[in-house]
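Keep the viewer open as you read, and follow along residue by residue.

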Amino acid sequence: MRYKDIVLSTRDALSANKMRTVLTILGIVIGIGSVISMTSIGQGAKKSIEQSIQSVGSNLLIIQGGQVRTGSTQISAGRGGAKILTIKDLQVVQALDTLQAVSGEVSGRYQIVTKGKNTNTQVIGASPEYEIVRSVSVDIGSFFTDSDNERKAKVAIIGPTTRNDLFGEDADPVGQTIRIKNISFRIIGVTVPKGGSGFTSQDDMIIVPLLTAQHYLTGDEYVGTISASAWDTEQIEEAKTSIQQALFVSRNIEDASMADFSIISQADIVATASSITNTFTILLAAIASISLLVGGIGIMNMMLTSVSERTREIGLRKAIGASNKDIYLQFLFEAITLTIIGGIVGIVLGVSASFSLQFLGIIQTAISLTSILLAFGVSASIGIIFGFYPARKAAKLSPIKALRFE
Amino acid sequence: MIKLSDVSKTYNDDFGEPYTALHNITFEIKEGEFVAIMGPSGSGKSTLMNILGALDTPTSGSYFLDNKNVASLTDEELTLIRRHNIGFVFQSFNLLPRTSVLYNVTLPLLYSEVEEEERKKIAKHALESVDLPEQYHRHLSNQLSGGQIQRVAIARALVNNPKIILADEPTGNLDSKTGALVLDTFKRLHKDEGRTIILITHDKTVASHADRLIVIKDGTIVEDSVKKYHAI
């Protein structure tokens, strides 16, 4: 039988029972549609996390005390917890000319009090270079200087969210006083909103000079983390090696496996975040695939019903000269047509659903051509897989028995 | 053209017991004959029709169709024999519902991969030879009367220009008047176009339209006679 005639006979067969055809296709539409929209949500989350990490500064290297295995899967949650690095280490790293800027940091959460209002937020003690290293821009006022740091000035830069919490939306708090751990600090600046969310919002924090923080807040000489920025992205590995070697010498470490500090680059963090969001995407896609599987079983169910309803027709076709292959192709083609139509409608539906989610500002989504092509391939394969058994059953019918079938 | 020698067919029945439906059937049918195979139900005539129609193969014996032993062919080869040599007419018509008369008639040509234009031409010609006017060609098959449906089925059996037309109780679902019209159609195809027609029936009146009568009972031939020609 010619392929053109198979197509025409498929059209006739599927339009003979339109309601059943539409309902069967609906199963595939929902399956493909949900796979597309779910993966777009996963990909969107990945993109948004990567963007917020990149906004911190892509040349960033973070040195912290303790052994942290980086790579793609593990980053310590208690970053800066170990009291290992000191001001001396900071000075060693600051002396390296492979780095553009280096900032020592300590951090802690404190209750912040101002007139009548209070909040609990992250307070970071940092070197003045923090502004460069972490790409922080000051919106109102100015950042503190080296001299503020050296004379342990009680000055603070606050994030926009903290400002909103303490002084109200868009207020100018420069010159006002806040109390951290019952010590008064004068606000000298407010940072530009950076967005980003999660456990450590860059907009909800207070930055004070490092030496001030050590003297008034932590009460010791330790530095939680040292952040450094390389001159550019290509020189990150080189910068990382130079920091490692300098610290090995200064801390008398002979064997790299005995290192009591670790260096994480921005790339490591992005890789970790990507691997998390990839898992998340796979999970979402796997859940959506269940509906696709159910849709596929719906196709098989319809095809089996169709084969048994059309047993006499199959018998007749065989009697007048249809080969097993003709019958097999006819039924398989019907199944594939159902899934391909369902796949196309599902793709349109899934793409519009994810655009709507993005457009309405509910969640960021990202659709890749790969996922569309994959969805199309999957829907065609479902037709082949779930159409195979009914088509083979039809092809194997004995013409004598089929013609006698009531 | 057809030569059956010692054809036997043994089945396993529902209980797995062997059951012989045909015992050593031997006969010949020449080209252009109009033969009725008659017998009561259970006589083995359906089994014989299945073998003659290349739907089934005998357990033993040989069936030569144009010097080709059909008895030893594979399923795929039997398909080709049916496609090019046999035209079936069934008691229950077996037209595809919700499709046009013309499409039903072209159906066998789809499998012999004839071009669409050519298919329509052949089908129209076949419908003409069974006296179904062109106004019905676009009708859906379920919009016709029983007699018209059976004539469409006969037209469908003609399109591949088969060597044999095998009609299984073609008037079984028709009243006597329309049945007579259908039988006239067969007679005319035999007389005017020289077609070889094998009519399988349990009805003596129907069988009397043929030129030759083979009576089968309990799987064996009990009578094989040529009817004396009567002018009608």
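This is a predicted model: local features need pLDDT of at least 70, side-chain atom pairs count only at pLDDT 80 or more; totals for chains, interfaces and linings use all residues.

## Sheets, hairpins and turns

Strand E4 (residues 60–65) of chain B runs antiparallel to E5(B), and two bridges join them. Within this pairing, Leu65(B) has Lys68(B) in E5(B) as its bridge partner. The loop between E4 and E5 of chain B holds Asn67(B). Although Asn67(B) is not a glycine, its phi is positive, at about 65 degrees. Is this residue, Asn67(B), buried or exposed? Asn67(B) is exposed, because its relative accessible area is 75%, above the 50% cut-off.

Further along chain B there is a hairpin. Strand E9 (residues 212–217) and strand E10 (residues 220–226) of chain B pair in the antiparallel sense, with six bridges between them. One pair to look for is Ile214(B) and its bridge partner in E10(B), Asp224(B). Two residues separate E9(B) from E10(B), and Asp218(B) in the turn has a positive phi of about 50 degrees.

One more stop in chain B is Asp75(B), which belongs to helix H2 (residues 75–85). Asp75(B) counts as exposed because its relative accessibility is 57%.

## Chain A as a whole

Now for chain A, which contains 13 helices and 10 strands. How does its radius of gyration sit beside that of a compact globule of 406 residues? The globule would have a value near 22 Å, but chain A has 32 Å. The C-alpha trace spans about 100 × 55 × 30 Å along its principal axes.

Of the 406 residues in chain A, 49% count as buried. Looking at contacts with a separation of 6 or more, 78% come from residues 24 or more positions apart. The accessible surface of chain A is about 19,100 Å², and carbon and sulfur atoms supply 60% of it. As for charge, chain A has 35 positive and 33 negative charges, and their mean positions are 15 Å apart.

Seven of its 10 residues are buried, so E3(A) is largely enclosed by the rest of the structure. On one pairing, E2(A) runs antiparallel to E3(A), and 10 bridges join them. Thr114(A) stands opposite Lys117(A) in E3(A). E2(A) and E3(A) form a hairpin with two residues between them, and Gly116(A) in the turn has a positive phi of about 75 degrees.

E3(A) also pairs with strand E8 (residues 205–209) of chain A, this time running parallel, through five bridges. Here Gln122(A) stands opposite Met205(A) in E8(A).

Within strand E2 (residues 99–114) of chain A sits Glu105(A). Why does Glu105(A) count as buried? Its relative accessible area is 5%, and the cut-off for buried is under 20%. Setting aside neighbours within four places in sequence, the contacts of Glu105(A) include Ile124(A), Gly125(A), Ala126(A), Tyr130(A) and Arg134(A). Also among them are Leu210(A), Val223(A), Gly224(A), Thr225(A) and Ser227(A).

In contrast to the strands, Asn252(A) is placed in the loop between helix H8 (236–250) and strand E10 (261–265) of chain A. Asn252(A) has a positive phi of about 55 degrees and is not a glycine. It is exposed, because the relative accessible area of Asn252(A) is 68%.

## Accessibility side by side

The table gathers the residues whose accessibility came up along the way.

| Residue | Relative accessible area | Class |
|---|---|---|
| Glu105(A) | 5% | buried |
| Asp75(B) | 57% | exposed |
| Asn252(A) | 68% | exposed |
| Asn67(B) | 75% | exposed |

Note on methods: Residues are numbered from 1 along each chain as its sequence is written. Chains are lettered from A and ligands numbered from 1 in the order in which they are written. Side-chain values use heavy atoms; hydrogens and water are left out. Helices (H or I, at least four residues) and strands (E, at least two) are DSSP runs, numbered from the N terminus. The radius of gyration is taken over C-alpha atoms; the globule rule is 2.2 Å times the number of residues to the power 0.38. Buried means under 20% relative accessible area, exposed over 50%, partly exposed in between (1.4 Å probe, protein chains only). Contact means heavy atoms within 4.5 Å. Accessible areas come from the Shrake-Rupley method with a 1.4 Å probe; for residues, only the protein chains shown count as cover. Lys and Arg count as positive and Asp and Glu as negative; His and the chain ends are not counted. The place of a charge is taken as NZ of Lys, CZ of Arg, CG of Asp or CD of Glu. Two strands pair if DSSP finds at least two bridges between them.
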